[in-house]
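Morning, everyone. I have one structure to walk through, so let's get it on the screen.

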Amino acid sequence: MEILRAEKMGFCFGVKEAIKTAEQVSEEYCNSKIYILGMLVHNKEVMKEMSERGILILEEENLEKLNSEDVVIVRAHGTTEEIYKKLKDKNVKIFDSACVFVKKSRNLLKNKEESGKKIIFVGDKEHPEVIGIISHGKNVITVADFEEFKKIEIDKNISYYVLAQTTLNKNSFNDIKEYIEKNYSNIEVGDTICGATYERQKAVEKLAGIVDIMLIVGGYNSSNSKKLLNISKQLNEKSYLIETKEDLKMEWMKGCSKVGITAGASTPEKSIQEIEKLLKEESRDGKHGKF
């Protein structure tokens, strides 16, 4: 059996920085209660490691339990303007691990809105990143995709600015951008899709079509992992999202000799290696016939 890795996969810069921050905080403030606001990143293996360091998860609706001597790490997706204010009012020590692309998006939103533009945001309105970013605006129009975008009633007397979720499928966003260029002169488009996200999307496109089966290793609630799965499925119907080696079903491998692997931006290398090791062991033992 041949196992091929995507050229770009696994931890992105923002995730690495968020984890590094949490590790440093857990050592420096070991005598304090340390909380992460929600999931630091969308991966249960990473969160398990945070728990082993004694870091607690704090949901946004439970801020009343905080004391002034506590430490709070804001997750990589960021949070809402209201929650940032509440944390400051609580006088806790705050470490903001929001990704640089998330910070760029919310700053652009505020600046463009202050300049008089109406904001259109493309992304999953239920995702914490999107909820957090749009909370910094006054009246943001949120759409999930190109089809929803085309349904917006655009006033040609108003100037608009378009922002996108950092993990949005770049090809889908380009469809929106081309549509705007052909039809509207009063809409400006900003590029806030994470570069690492785009690299991973292009890498899975390159790999999925040349393997028998494609495994996407990532959290089931990870936006960028699910988008990698969707892109892969368009090129290879035998594409599966798995979080850990326990989720791998060997019957998927029947008749497969070439396996492709990619991983979401919040997937640790350890998870990838464990899956590769299991595949090699099963193939060597010949329990499931030809892989």
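How many helices and strands does the protein have? Ten helices and twelve strands. Both are DSSP runs, numbered from the N terminus: helices are H or I with at least four residues, strands are E with at least two.

Ground rules. This is a predicted model, where local features need pLDDT of at least 70 and side-chain atom pairs count only at pLDDT 80 or more, while totals for chains, interfaces and linings use all residues. Residues are numbered from 1 along each chain as its sequence is written, and side-chain values use heavy atoms, with hydrogens and water left out.

Overall shape next. The C-alpha atoms fill a box of roughly 65 × 60 × 25 Å along the principal axes. Of the 291 residues, 51% are buried, meaning under 20% relative accessible area with a 1.4 Å probe, protein chains only.

Contacts now, meaning heavy atoms within 4.5 Å. Take those with a separation of 6 or more: 70% join residues 24 or more positions apart.

Now zoom in on strand E8, residues 160–164. Are its residues buried or exposed? Five of five are buried. Tyr160, Val162 and Ala164 are on one side, Tyr161 and Leu163 on the other, and both faces are covered.

Who are the neighbours? Strands pair if DSSP finds at least two bridges between them. Strand E6, residues 118–122, runs parallel to E8 with five bridges. Strand E9, residues 187–189, is also parallel to E8, with three bridges.

Note on methods: Buried means under 20% relative accessible area, exposed over 50%, partly exposed in between (1.4 Å probe, protein chains only).
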